[in-house]
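Dear colleague,

Please find below the structure that I am handing over to you. My findings follow it.

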Number of protein chains: 2
Amino acid sequence: MPTDKNIDLTISEGHAFAPPKAAKKILDVAYDLFYRRGIRAIGVDEIVKRAGVTKPSLYRSFPSKDELAASYLRQYDLEYWERFDEAVAAHPGDPRAQIKAFLTRIGKRTQVADYRGCGMTNAAVEYPDHSHPARVVSEANKQELRRRLRGMAVAMGAQDPDTLGDGLLLLIEGAYISGQLFGLGGPAQAVARNADLLIEASLKK
Amino acid sequence: MPTDKNIDLTISEGHAFAPPKAAKKILDVAYDLFYRRGIRAIGVDEIVKRAGVTKPSLYRSFPSKDELAASYLRQYDLEYWERFDEAVAAHPGDPRAQIKAFLTRIGKRTQVADYRGCGMTNAAVEYPDHSHPARVVSEANKQELRRRLRGMAVAMGAQDPDTLGDGLLLLIEGAYISGQLFGLGGPAQAVARNADLLIEASLKK
DNA sequence: ATGTATACGTACCGATCGGTAACATTGTCA
DNA sequence: TGACAATGTTACCGATCGGTACGTATACAT
């Protein structure tokens with residue numbers, strides 16, 4: 001359970017004299033550093049230095065580094081489903097096109113130098129302990145992804161929707177990982193094509 | 001560049017010169033700890049303690065912790081291709097059955113509590129820097145995996161072998177990751193089935 | 001002006017990080 | 001027996017780790 005700390009990140013920012021709160025600056029910097037270089041690789045000292053604040057400020061807004069990491073992932077979660085819902089909204093009532101749009105987007109994102117994959121996936125690799133605050137957020141995100149993909153497989157009329165949903169999840173996770181492993185020209189660019197082949201093979205009765 | 005250290009791990013053990021035993025114990029312990037809990041999470045002190053040796057012994061056999069991590073992955077690499085070649089040898093001249101055997105095995109391995117995925121993949125996530133010694137080994141392993149899968153896709157007579165090979169790689173990486181994310185009952189158990197569907201859809205002319 | 005609450009900074013903590021210097025001990029072979 | 005190589009022992013290094021005690025500055029209400 002969170003304390004009453006760090007739950008105020010949604011407010012103001014547009015008020016008359018509202019200088020960017022320390023907590024927001026800290027979270028923004030932590031987001032960037034944790035994602036790009038890994039959570040374990042980044043110390044709190046570097047975060048506060050880059051954020052232009054001091055360490056006690058960090059610990060007034062976040063109870064610990066682990067909880068800051070969890071907050072980073074909660075923010076990541078929000079933006080993740082925003083992107084997902086964009087792909088869904090772009091093709092109302094057409095789950096196959098929704099998947100294709102989402103995967104095409106992922107495939108494109110992987111084709112940049114220094115692509116770092118999915119922050120959720122990476123955090124789970126960094127923290128094998130299931131009770132770690134960051135991992136809890138990560139696992140919840142992935143459970144939700146699985147739930148949605150299976151739902152879309154049902155809507156597509158798949159012969160075995162659970163298998164197709166899981167197959168799509170495997171392809172997605174594979175794209176995240178191989179995107180950061182291979183960089184440009186890697187297998188991740190083929191994720192949408194393979195997903196479409198898999199869907200096609202899973203539909204027909 | 002490695003020095004002339006730590007390149008002697010393949011020899012003797014029964015030979016007249018009964019050489020470094022400390023190095024082997026260290027590497028064995030490091031292998032287990034690095035794989036199960038992550039490289040960054042394990043300090044050299046814990047390694048030497050569990051191995052029943054002292055720190056100078058470690059640094060006599062390995063130039064640095066990073067190089068010890070690389071040695072761990074080189075060992076992992078050896079065993080990885082052993083498992084791969086076993087699946088291949090079990091079905092001579094039948095690449096589709098070889099893939100199926102390999103993936104079935106992966107799917108089964110993922111269905112245990114506290115499954116930790118692929119050591120190569122995990123190391124790459126832990127070390128985004130492409131020049132890190134551990135990552136160099138990891139990337140080479142994955143390049144080789146891609147090469148072999150594409151070759152097998154050719155041998156299967158795929159319409160677009162590169163796409164199929166990459167699709168299989170995505171499924172495999174997805175299984176490694178989702179295996180450790182979801183634990184028992186997760187999507188990774190469906191990896192062989194989905195691969196077979198994908199192959200089927202990629203063959204017919 | 002004064003009290004009060006909140007936000008922030010200086011300086012510091014003990015623990016652990018990866019790594020090393022210097023020396024003692026052991027086992028093996030010549 | 002002597003020489004050598006491998007390992008162990010003890011003590012230490014500077015840097016960084018996550019985290020905190022405590023004093024100070026600012027804002028606002030009375």
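The expected span of a helix is 1.5 Å times one less than its number of residues. The model shown here is a predicted one, and helix α9 of chain A, residues 191-203, can be checked against that rule.

The buried residues of α9(A) are Val191(A), Ala192(A), Asn194(A), Ala195(A), Leu198(A), Ile199(A), Ala201(A) and Ser202(A).

How the two chains are related comes next. Chain A is superposed on chain B by a rotation of 180° with 0.0 Å of shift along the axis, at an RMSD of 0.0 Å. This is the relation of a two-fold axis. Within chain A, Gly174(A) has the C-alpha nearest the axis, at 2.1 Å from it. Of the interface residues of chain A, 100% are also interface residues in chain B, and the copies therefore meet through the same surface.

In chain B, the packing of two helices may be of interest to you. The axes of α7(B), residues 133-156, and α8(B) lie 8 Å apart, and the helices pack at an angle of about 130°. That angle makes α7(B) oblique to α8(B). Their crossing is right-handed. Among the residues making the contact are Leu145(B), Arg146(B), Leu149(B) and Arg150(B) from α7(B), and Leu164(B), Asp166(B), Leu168(B) and Tyr176(B) from α8(B).

Two residues of chain A deserve a separate note.

Asp166(A) belongs to helix α8 of chain A. Its relative accessibility is 3%, so Asp166(A) counts as buried. Not counting residues up to four places away in sequence, Asp166(A) touches Arg146(A) and Arg150(A) in chain A, and Pro187(B), Ala190(B) and Asn194(B) in chain B.

Arg37(A) is part of helix α1 of chain A, residues 22-37. Because its relative accessibility is 31%, Arg37(A) counts as partly exposed. Leaving aside neighbours within four places in sequence, Arg37(A) is in contact with Ile42(A), Glu46(A), Arg50(A) and Arg116(A), and with Pro128(B) of the other chain. Arg116(A) is 79 residues from Arg37(A) along the chain, while their C-alpha atoms are separated by 8.3 Å.

With kind regards

Terms used
Residues are numbered from 1 along each chain as its sequence is written. Chains are lettered from A and ligands numbered from 1 in the order in which they are written. This is a predicted model: local features need pLDDT of at least 70, side-chain atom pairs count only at pLDDT 80 or more; totals for chains, interfaces and linings use all residues. Side-chain values use heavy atoms; hydrogens and water are left out. Copies are superposed by least squares on the C-alpha atoms of residues with pLDDT of at least 70 in both. Contact means heavy atoms within 4.5 Å. Helices (H or I, at least four residues) and strands (E, at least two) are DSSP runs, numbered from the N terminus. Buried means under 20% relative accessible area, exposed over 50%, partly exposed in between (1.4 Å probe, protein chains only). Axes are lines fitted to C-alpha atoms, for helices over the stretch in contact, and angles run from 0 to 180 degrees between N-to-C directions. Angles under 35 degrees count as roughly parallel, over 145 as roughly antiparallel, 65 to 115 as roughly perpendicular and the rest as oblique. A crossing is left-handed if the near helix is turned anticlockwise from the far one by less than a right angle, and right-handed if clockwise.
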